[in-house]
Amino acid sequence: MSELLIHNSEQALEFDALREVLLRYASSQLGQAKIAVLAPSTDANWIAAQQELTAEIREFRRVGGRFDFSGLTEIRKALEKSGISGAILEIAEIRDVVTLVDRAAEWREIALHPPANMKSAWQQVSALSASLPEFTDFLRAFRNKFTPDGMLDDRASPELAGIRHEIEKQRRAIQESLRGYLRRLAEGAVQDELVTIRGERFVIPVKIEQKRRVPGVVHGVSSSGQTVFVEPLETIEQNNDLVRLLDEEQAEIHRILLGMTCRIGEQADAILGAADVLAELELQFAKARFAEEYNCVAVELSEETPARMILHKARHPLLEHNLKLKGAVVVPVSIELEGSRRQLVITGPNTGGKTVTLKTIGLLALMAQSGIPVPAGRAELPVFDSVLADIGDYQSIAQNLSTFSAHVTNIDFISRTATPQSLVLLDELGSATDPEEGAALAVAIAAHFARIGCMAVISTHHTSLKVYGANTPGVMNASVGFDETTLQPTYELKMGVPGASAGINIAQRLGLNHAVIEAARARLGTQARDVAEFLDRLHAELRAAEGERLRLKSREQELEHERAQLAAEGKREQQTKVRELEKKLETVLRDFEYHAREAVNAIQERAAAQKLSKDAERRIAKLRREFREQFDSTVVAHASGADQGDPNAQPQVIKYVSEGDTVKLKSTGRSARISRKIDDDHFEVEMGALKMKIVRGDIAEVLAGGRTAETPVKAARARGISVTVANENENAPSEINVIGYNVDDATREVQKFVDRAFLAGLPRVRVVHGSGMGILRKALRQALKEHPHVESVAEPPQNEGGGGATVVELRV
């Protein structure tokens, strides 16, 4: 992996401070050591793999995945030691190695069986984890070998368990012997009636003046000098046996540790590889946690030629960290350099955010090439071969460098080092010297980097650089915002427009003497004054444009809200139509059930006449055909809207029912009398002594009318008026077929036909128009209703044409 050339820019761009922030997310020595050496790279494949690794770990954490890295230590020296013949690792070193191997085995299982609810499968994580070997046999050899406090467990070997059992037995025997000895001694001879240990041997405390009364070996004196610790003669042999057992224990421990060390040495390479994998994983987990907390995005590497740099809503992570502690929020910046635009000149007042913008660009570039997600809404960056920055005060007394000299020295190095693939960041270019000479030098330096073709971002106060940015191809102006009303920076970066330093205006608002202000303005050159006034007007227009943009955005949001409301209303209307269709189909089904029941009854009555099979097939086929036609016509008419406002569009629904009519009900199959009309669709009927309420759709047919309706002609004749109808007995046609006509021609023909039928005294005629989409039917029925000779319009039963015809009752 080739490292990025950053000269002394790492300190200026605070990459070390970023590493310190990242270190807070690592809990083990392994991860912290990995982060400490993290550096930007120029290897595009490595950068892309690192960005993808972090993205995969973020997804693992999003679905609840966690892993514990705490307690993992650097084991490289222990592994090197294990390879030396005869060397023995300390128990703590062995435990550190076993802990690391156990965590590696745990992660291997996670990598082999990742959570199923992740949005995308692991690729980079799987490739990284594939090098982890199977450690089952290794871990089995160390299982139950250590106690929680870090000592060898008795179960480390059968021999060790036996020796320790004997040691414990011998200690109890010695203690019993010494307690008996204490009881036999005269009162006052011993300091305390207790047994203690000196140099792995059990002794008793005896007062200094009584030591001659206790024969034995003195093993020490208390710090006060008042007590000696004596090993009585009768326990010397027992203590000797205990020391022998302790020596045997140490020899067995030595043998066990030697075997463990050899086993570790045999697996040293695999264990070292596992340590590297875990270190890399903890680095990725640290980057993922950092990215989650700072709302970072993965960086897209620019593949354009020439490369482009796009940062949307980018934020400086260290500034954001500091502002979070104060409860403040960082103002993001957005930058785009692409195509021929390779240089950005940022101008504006002091404390407006120019330096922060340069540092944000530089630090995010270093983060991206270190494989770290960046705090931004979107980030697309090229792979720079170097990031070169001249930011801050490089004054050095030790090297006899003034501020200006230090800047020149640094810029000289950058100018000799930069290539077309470099990123150059220059802060306050041309400052710290004579303004006129500084401006000339600044333009020359900027032009030099433009000729090189590198990406460069420059901050300045010089008007000459603003003019250079406006007139030079490939160079773009930008400005940082400043609110002259509040005298506070807004920290907003505006692309495409130069900024005003506004020093005199700020001084005036701060209350500086008016005479001094006017004198300062008078001393401004004509060009400088014109430029300042132009920039003031430009920024005023920009503020107005921004206000208009916000107003339009608000209006856009209102329109979007209205669109959502209309969509919701449309959805509700569609649901209403569906419910209406369901009701119509329910009526069709009820009608079918009624006719089916009637057919079955008729078939049963004819069963005796041996016509069961043939009659049943014929009736069922007829019912199936009629139901299919009725169902299709209902669905098509509803979908096309042809039945809207047409009461005759549902032939299965009886249209004309009056009080006193005798009707047959679909629900019961029995006849009933209409006793009361509740509304257009609901009636009260009587079936013998039973009264019930029904809907219009439950009426199968009208069996007999309750009242005899009189036509105008019959009514006149009943009153003794002589009425003669021309051509009354003429053989006029009672049916017309207009299938294939358009609406206008069909309407004309039908009206003529009705007039002739009326004159002929026909009481009823039939108009055949076909079903189709219902458009011709609807138009003709509407025209017939408005015709003066028409009494009523109805749709005949299915066996007489159904929806394809219309029956017209005339006023005769």
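Reader: Among contacts in the chain between residues at least 6 apart in sequence, what share join residues at least 24 apart?

Author: Bear in mind that this is a predicted model, where local features need pLDDT of at least 70, side-chain atom pairs count only at pLDDT 80 or more, and totals for chains, interfaces and linings use all residues. Residues are numbered from 1 along each chain as its sequence is written, and side-chain values use heavy atoms, with hydrogens and water left out. A contact here means heavy atoms within 4.5 Å. Take the contacts between residues at least 6 apart in sequence, and the share joining residues at least 24 apart is 69%.

Reader: How many of the 812 residues, as a percentage, count as buried?

Author: Buried means under 20% relative accessible area, exposed means over 50%, and partly exposed is in between (1.4 Å probe, protein chains only). For the 812 residues of the chain, the buried share is 42%.

Reader: How is the Phe67 and Phe69 pair arranged, stacked or edge-to-face?

Author: Rings of Phe, Tyr and Trp (its six-membered ring) pair if their centres lie within 6.5 Å; planes under 30 degrees apart are stacked, over 60 edge-to-face, and the rest tilted. The structure holds 12 aromatic pairs. In one of them, Phe67 and Phe69 sit 5.0 Å apart centre to centre with 70° between the planes, which makes the pair edge-to-face.

Reader: Which helix holds Trp107, the partner of Phe67?

Author: Phe67 and Trp107 also pair edge-to-face, at 5.4 Å centre to centre and 80° between the planes. Helices (H or I, at least four residues) and strands (E, at least two) are DSSP runs, numbered from the N terminus. The pair links distant parts of the chain, 40 residues apart: Phe67 is in the loop between helix 4 (44-62) and helix 5 (76-82), and Trp107 is in helix 6 (residues 91-112).

Reader: Is Phe69 buried or exposed?

Author: Phe69 belongs to one aromatic cluster with Phe60, Phe67, Trp107, Trp122 and Phe285. Phe69 has a relative accessible area of 4%, so it counts as buried.

Reader: Which ring does the charged end of Arg198 sit over?

Author: A charge sits over a ring if NZ of Lys or CZ of Arg is within 6 Å of the ring centre and within 35 degrees of the ring normal. Lys324 gives one example, lying over the face of Tyr294 at 4.5 Å from the ring centre. For Arg198, the distance is 4.0 Å from the centre of the ring, and that ring belongs to Phe229.
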